[in-house]
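Notebook open; today I'm looking up salt bridges and a helix pair. Structure pasted in below.

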Amino acid sequence: MGFWRREVIDFALDSQTRQAMAEQEAWIAAEPANPRPYYQLALLYRTQAKQDEALGLLLEAVRLDPGLVPAHTALAEIYAVRADLKAAQRHADLAAAGGDPQARQMLLRYNT
């Protein structure tokens, strides 16, 4: 990996991600009953390969708003990777019922 990628680009991306994470954490502190910042923060954790943290945040998001379809889609993806097919299917079905068949199609593609 070259100097520009390692020292400039990756550093800037990491800095921006940390800033975005801090913004979402502040939003959660200000509005703990709002599911959106939990979902947004989970997406950021997923980009950092922190799936356990993302999973917890997504579960909190759907607890606060069971109809938050993008969170169900993300949960289906995480559970599929973990080979928890029952949970993956449950969240894929909830996402499909809310209008997003993407997770259900993913599970069908991979015969799960």
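My accessibility scale first: buried is under 20% relative accessible area, exposed is over 50%, and partly exposed is in between (1.4 Å probe, protein chains only). I'm on a predicted model, where local features need pLDDT of at least 70, side-chain atom pairs count only at pLDDT 80 or more, and totals for chains, interfaces and linings use all residues. Residues are numbered from 1 along each chain as its sequence is written, and side-chain values use heavy atoms, with hydrogens and water left out.

Entry 1, salt bridges. I count one when a side-chain nitrogen of Lys or Arg is within 4 Å of a carboxyl oxygen of Asp or Glu. My search of the whole structure gave four.

Among them is D52 with R82, at 2.3 Å, N to O. D52 sits in helix α3 and R82 in the loop between α4 and α5, 30 residues apart. (Helices are DSSP runs of H or I, at least four residues, numbered from the N terminus.) D52 is exposed at 55%, while R82 is partly exposed at 39%.

I also found D93 with R104, closest N and O atoms 3.0 Å apart. D93 is in α5 and R104 in α6, so this pair ties together parts 11 residues apart in sequence. I get partly exposed for D93, at 30%, and for R104, at 34%.

Which residues of α5 and α6 make the contact (heavy atoms within 4.5 Å)? I list A88, Q89, A92, D93 and A96 of α5, and A103, R104 and L107 of α6.

Terms used: Contact = heavy atoms within 4.5 Å. Helix = DSSP H or I, 4+ residues; strand = E, 2+ residues; numbered from the N terminus.
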